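Open the model in your viewer and keep the selection tool at hand.

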Amino acid sequence: MTSRRRFIQIVPLAGAAMLAGGHAAAQAPMVDENDPQAKALGYVADATKVDRNRFKQYAPGQVCTNCALWQGKPTDAAAGCAIFPGKRVAGPGWCSAYAKKP
């Protein structure tokens, strides 16, 4: 059983760990367009370069920043993505997992 004293000692450490985790995510590497998973999903860092013959579901205006899988703010240049854990994607990018935010 955790005592109140132990709880008070743990809370600041947990908060610091969460902040450090957020900083680590900001420093995560960018997804490489040549990565096998990125290629399979048609990921491009610039949505205007989507292969429209291969990905017919692409529509102009679909970019990572307005995708439900985007893990950053709409104004971020790059952020995490649920499809590429531990990596960041470009805000103006696109992949076939695109799902419009509700």
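A cavity is a set of points, on a 1 Å grid over the protein atoms alone, where a 1.4 Å probe fits but cannot get out; its lining residues have an atom within 4 Å of a point. Grid points are joined across faces, edges and corners, and a volume is the space filled by probe spheres set on the points. By this rule there is 1 cavity of 30 Å³ or more. This is a predicted model, in which local features need pLDDT of at least 70, side-chain atom pairs count only at pLDDT 80 or more, and totals for chains, interfaces and linings use all residues. Residues are numbered from 1 along each chain as its sequence is written, and side-chain values use heavy atoms, with hydrogens and water left out.

**Stop 1: the cavity**

Select Cys64, Cys67, Cys81, Val89 and Cys95, which lie nearest the centre of the largest cavity among its 13 lining residues. The space in this cavity is about 80 Å³. Its lining has 12 nonpolar residues, 1 polar and no charged. Here Ala, Val, Leu, Ile, Met, Phe, Trp, Tyr, Cys and Pro count as nonpolar, Asp, Glu, Lys and Arg as charged, and the others, Gly among them, as polar.

**Stop 2: the nonpolar core**

Next, select the largest nonpolar core, a set of 12 residues that includes Val31, Leu41, Trp70, Phe84 and Val89. Such a core consists of buried Ala, Val, Leu, Ile, Met, Phe, Trp, Tyr and Cys residues joined through side-chain atoms within 4.5 Å, where buried means under 20% relative accessible area (1.4 Å probe, protein chains only). β2 gives the largest share of this core, 3 residues. Helices (H or I, at least four residues) and strands (E, at least two) are DSSP runs, numbered from the N terminus.

**Stop 3: the aromatic cluster**

Now select Phe55, Tyr58 and Trp94, which form one aromatic cluster. Rings of Phe, Tyr and Trp (its six-membered ring) pair if their centres lie within 6.5 Å; planes under 30 degrees apart count as stacked, over 60 as edge-to-face and the rest as tilted. The count is 3 aromatic pairs. For Phe55 and Trp94, the ring centres are 5.7 Å apart and the planes are at 70°, so this pair is edge-to-face. Phe55 is buried at 7% relative accessibility, and Trp94 is buried at 1%. How are the rings of Tyr58 and Trp94 arranged? Their centres are 5.3 Å apart with planes at 85°, so this pair is edge-to-face.

Methods
Buried < 20%, exposed > 50% of the residue type's maximum accessible area, 1.4 Å probe, protein only. 1 Å grid on protein atoms, 1.4 Å probe; cavity = no way out; pocket = protein on both sides within 12 Å on 5 of 7 lines; lining within 4 Å.
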